[in-house]
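Here are my notes on the model you sent over. I have set them out as numbered points so that you can follow them with the structure open beside you.

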Amino acid sequence: HPMAVSSLEELSEGVFHNVIGEVDELPAKDVKRVVMCSGKVYYDLLKERRDREQDEVAIIRIEQLYPFPAEEVADIMKDYQHVKDFVWCQEEPQNQGAWYSSQHHFWAAIPSGAQLTYRGRDASAAPAVGYLSEHNKQQQKLVDEALTIK
């Protein structure tokens, strides 16, 4: 993806970030939903959120799932203790991505009393749908559902 780039200096002298908080300047007090994700679905979420000019949805990337970086996630979540609507978004089918194996960590990371929902593809025996047009429809649907506050 064109946005998934690092400079040579970052690669040679930088560090791996287990968790990456919100990159846009969104007022934390205005955030009503926090979307957590990992991998390239982030770029679809970010582009769509920017296109919609949404400032009430924060996106947090959890780049290391195991061991789960609980302290780093907790540090980022400090700004979102008022939020009650949290989403885990993945593009893999529900039974193949991080949702089943890591959701206990996601629940532990969000504020007490908050709700956590899954937004992604339905469970499937196959890792991909098989048709690009169907993949694109499913991808747009999961991005829409992750960013739409009800």
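**Notes on the fold and a few residues**

1. **The β4–β5 pair.** Strands β4 and β5 (residues 115-121) run parallel and are joined by 7 bridges. Helices (H or I, at least four residues) and strands (E, at least two) are DSSP runs, numbered from the N terminus, and two strands pair if DSSP finds at least two bridges between them. Within this pair, Cys89 stands opposite Arg119 in β5.

2. **What the model is.** This is a predicted model, in which local features need pLDDT of at least 70 and side-chain atom pairs count only at pLDDT 80 or more, while totals for chains, interfaces and linings use all residues. Residues are numbered from 1 along each chain as its sequence is written, and side-chain values use heavy atoms, with hydrogens and water left out.

3. **The whole sheet.** Five strands make an open sheet in the order β1-β3-β2-β4-β5, with mixed pairing. β1 (19-20) and β5 are the edge strands; each has a single partner strand, so one side of each is left without a neighbour in the sheet. Further in, β2 and β4 run parallel with 5 bridges, and Val34 stands opposite Phe86 of β4. β2 and β3 are also parallel, joined by 5 bridges, with Cys37 opposite Arg61 in β3. As for burial, 8 of the 9 residues of β4 are buried, where buried means under 20% relative accessible area, exposed over 50%, and partly exposed in between (1.4 Å probe, protein chains only).

4. Which residues have the most contacts inside the largest nonpolar core? They are Val34, Met36, Ile60, Tyr80, Phe86 and Phe106, in a core of 23 residues. The elements giving two or more residues to this core are β2, β3, α3 (70-77), β4, α4 and β5, and α4 gives the most, with 4 residues. A second, separate core has 15 residues, among them Leu45, Val57, Val87 and Leu147. By nonpolar core I mean a set of buried Ala, Val, Leu, Ile, Met, Phe, Trp, Tyr and Cys residues joined through side-chain atoms within 4.5 Å.

5. Setting aside residues up to four places away in sequence, Tyr80 touches Glu22, Ala28, Val31, Val34, Ala58, Ile60, Phe86 and Pro111. Contact here means heavy atoms within 4.5 Å.

6. Val41, Tyr42, Tyr43, Leu45, Leu46, Glu48 and Arg49 are buried in α2, and their cover includes β2 (33-37), β3 (57-62), β4 (85-93) and α5 (132-147). Just after α2, Glu53 takes a positive phi of about 55°, although Glu53 is not a glycine. Glu53 lies in the loop between α2 and β3 and counts as exposed because its relative accessibility is 70%.

7. **A cis peptide bond.** Tyr66 and Pro67 are joined by a cis peptide bond, with omega about -10°. Pro67 sits in the loop between β3 and α3. For context on this point and the previous one, most residues other than glycine have a negative phi, and most peptide bonds are trans.

8. **Two glutamines to look at.** Gln90 is in strand β4 and counts as buried because its relative accessibility is 1%. Its side chain reaches the backbone oxygen of Pro93 at 3.1 Å, and a polar atom of the Gln90 side chain lies 3.0 Å from the backbone nitrogen of Trp99. A polar contact is a pair of N or O atoms within 3.5 Å; within protein, one must be able to donate a hydrogen and the other to accept it, and residues adjacent in sequence count only if both atoms are side-chain atoms. Gln81, in the loop between α3 and β4, counts as partly exposed at 44% relative accessibility. The side chain of Gln81 reaches the backbone oxygen of Met77 at 2.9 Å.
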